[in-house]
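Here is a set of questions and answers on how the terms used for a protein model follow from their cut-offs.

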Amino acid sequence: KVMIAGVEHTLAWGGIHGAIKQYCGTGIFLMADVTAYYPSLQLRYKFGYRNMLHPENFEKIHGENLRFKASGNKEARLPYKIADNAISGQLKDQYSQLYDPRENNAVCVNGQLLLVDLIEKLEPYIELLIQSNTDGILIKLKSMDDFDLIDDIVWEWEKRTGMRMGFDIYTKVFQKDVNNYLLVGADGKTKTKG
């Protein structure tokens, strides 16, 4: 357990988790999620390649997952998304030919460290860190005028790490904890978990 940007976080083999408990607020909230985080870490840093007989197959699946995500074609993306995440998950399955606990730990630890790095770069320019959860963060902006600065900081992080982030903006947050929340956008659309 460690305090990051004023929020208690747990860093463990399951990923980084932290949240302001029982938080409700209005304002400008930015959900920033890393696209296909664990598979992207695998590709960028070659984690899990030691036991892959044909890494080009993983690279093709991952590439198609990202391509279909960018196109917005959810139906075509689904099998690639499932396969992409399954390959990453196989690193911790003792019955898989891809089983490699050290590489699984490398994916998880490096993913956490990269998110902590991003949070530390953003912290001086945000009002609050609301939560961090494995592959993304939810922050409250001081004002919409800060969006371009936040976007620039994230872009610099993307350049350094090779990861890609997507943004969603919300105006209301109702959060019990990191795994139970309701986000509401200006258009009334919601995102829920738990």
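**Terms set against values**

Q: Why is Asp 100 called buried?
A: Buried means under 20% relative accessible area, exposed means over 50%, and partly exposed is in between, with a 1.4 Å probe and protein chains only. The relative accessibility of Asp 100 is 5%, so Asp 100 counts as buried. This is a predicted model, in which local features need pLDDT of at least 70 and side-chain atom pairs count only at pLDDT 80 or more, while totals for chains, interfaces and linings use all residues. Residues are numbered from 1 along each chain as its sequence is written, and side-chain values use heavy atoms, with hydrogens and water left out.

Q: What makes the contact of Asp 100 and Arg 50 a salt bridge?
A: A salt bridge is a side-chain nitrogen of Lys or Arg within 4 Å of a carboxyl oxygen of Asp or Glu. The side chains of Asp 100 and Arg 50 meet at 2.6 Å, N to O, and form a salt bridge. This pair links distant parts of the chain, with Asp 100 in the loop between α3 and α4 and Arg 50 in the loop between α1 (37-45) and α2, 50 residues apart. By this rule the count comes to 9 salt bridges.

Q: Why is the pair of Tyr 23 and Phe 29 called edge-to-face?
A: A pair of aromatic rings is described by the distance of the centres and the angle of the planes. Rings of Phe, Tyr and Trp (its six-membered ring) pair if their centres lie within 6.5 Å, and planes under 30 degrees apart count as stacked, over 60 as edge-to-face and the rest as tilted. By this rule the count comes to 6 aromatic pairs. Tyr 23 and Phe 29 are 6.3 Å apart, centre to centre, with 75° between the planes, and form an edge-to-face pair. Both Tyr 23 and Phe 29 are buried.

Q: What makes the pair of Phe 68 and Tyr 80 stacked?
A: The centres of the Phe 68 and Tyr 80 rings are 5.6 Å apart, with 25° between the planes, and the pair is stacked. Phe 68 lies in helix α2 (residues 55-71) and Tyr 80 in helix α3 (residues 74-90), so the pair ties together parts that are 12 residues apart in sequence. Phe 68 is buried, with a relative accessible area of 15%, whereas Tyr 80 is partly exposed, with 28%.

Q: How do you know that Leu 129 is buried?
A: Leu 129 has 3% relative accessibility, and it therefore counts as buried. Leu 129 lies in strand β5 (residues 126-133). Contact means heavy atoms within 4.5 Å, and, leaving aside neighbours within four places in sequence, the residues in contact with Leu 129 include Ile 4, Val 7, Ile 119 and Ile 139.

Terms used. Helix = DSSP H or I, 4+ residues; strand = E, 2+ residues; numbered from the N terminus.
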